[in-house]
Amino acid sequence: MQAQLLWADRGQSLAFDCEAGVHGTHWLGVSRLANFRLRAPLFSVWLQVRGSASFEAREGSFRLDAGDWIAFERDSLPELQAGRTGLTLGLLLSQDALRILVQSRGCGLFAGRGSIPRGERALTLRLWRQAMRGNDGPGAATPGIGDHIRRMQPLLMQLSVLQGELAARLGRCPGRSHTRKRQIFGRLQRARLFLEGHRHRVVTLTELAELTSFSNWYLSKTFHSIYDECPQAASQRVRLQHACELLATTSLVIGEVGVACGFENACSFSRAFRGYTGMTASEYRVRAGLPSPANPPAARGKAAARAYS
């Protein structure tokens with residue numbers, strides 16, 4: 001297995017396909033409006049160092065801001081577009097590398113997304129640089145593991161720690177063996193990521209069943225046992241979270257926000273939003289510090305006073 005470093009910067013476009021190799025480890029840097037396309041069956045982990053980046057993958061569309069991370073399965077084939085000031089670091093792992101991680105340390109990585117706590121960002125970036133440059137980290141050598149895999153272990157362990165919330169849910173997964181539990185959980189994590197990647201519409205149970213190769217009944221039952229909510233409720237929750245973001249950061253009218261989040265009409269959106277936040281969309285926007293486009297700016301002070309009274 002070999003390690004390889006690839007970098008795209010200042011609007012460059014870079015693709016990685018099967019001819020480039022599907023074994024070992026590959027390091028990536030994508031910055032300042034550059035574009036990267038993965039066309040090889042490799043598990044990928046991405047860290048947003050600064051700025052923002054947009055991803056398109058089989059699981060949907062995602063945006064990363066500084067301090068965020070996201071991981072995709074081998075056949076997700078993500079495409080990344082860096083923002084104007086964005087810097088994204090990527091790590092591509094073959095099936096061999098993932099298997100070595102599980103065998104040597106008893107841990108692994110799953111598809112998903114999250115944020116790196118501020119106190120962990122500097123450590124994560126330092127371990128990344130050490131592994132990429134080939135410096136020996138604090139991990140000890142493990143018999144039978146290549147040098148570059150050994151150097152990666154501190155970073156992989158750190159990434160596993162960042163996925164600690166996911167590992168805690170792994171124990172809820174059905175299955176007689178740890179391997180079986182990991183297989184089932186990996187599929188359900190992909191379903192969860194698919195919901196987050198399609199915040200603009202309603203995701204059906206059939207779509208998730210096809211993605212995970214589970215029956216509708218088994219998917220719904222297992223999803224609820226692991227995440228404490230059914231897939232339909234999770235779909236509505238992520239859409240309402242998206243609505244909160246749009247209300248706080250854009251000037252879209254409330255009806256447009258509802259449509260952008262997959263609600264059929266203003267009434268259904270208003271009812272769902274109030275049930276989720278305990279307030280109307282207009283009140284939420286005022287508390288976020290933005291005037292509602294439906295109200296003139298002059299009325300903002302009175303609206304704010306009512307919201308906080």
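Biologist: Which residues have the most contacts inside the largest nonpolar core?

Modeller: This is a predicted model, where local features need pLDDT of at least 70, side-chain atom pairs count only at pLDDT 80 or more, and totals for chains, interfaces and linings use all residues. Residues are numbered from 1 along each chain as its sequence is written, and side-chain values use heavy atoms, leaving out hydrogens and water. A nonpolar core is a set of buried (under 20% relative accessible area, 1.4 Å probe, protein chains only) Ala, Val, Leu, Ile, Met, Phe, Trp, Tyr and Cys residues joined through side-chain atoms within 4.5 Å. The largest one has 44 residues, and those with the most contacts inside it are Leu91, Leu93 and Leu159.

Biologist: Which helix gives the largest share of this core?

Modeller: Helices here are DSSP runs (H or I, at least four residues), numbered from the N terminus, and strands are E runs of at least two. With 6 residues, the largest share comes from residues 178–197, which is helix 5.

Biologist: How are the rings of Phe36 and Trp46 arranged: stacked, edge-to-face or tilted?

Modeller: Rings of Phe, Tyr and Trp (its six-membered ring) pair if their centres lie within 6.5 Å; planes under 30 degrees apart are stacked, over 60 edge-to-face, the rest tilted. These two have centres 5.8 Å apart and planes at 55°, so the pair is tilted.

Biologist: Which strands does that pair tie together?

Modeller: Both Phe36 and Trp46 are buried. They sit 10 residues apart in sequence, so the pair ties together strand 4 (residues 35–39) and strand 5 (residues 43–50).

How values were computed
Buried < 20%, exposed > 50% of the residue type's maximum accessible area, 1.4 Å probe, protein only.
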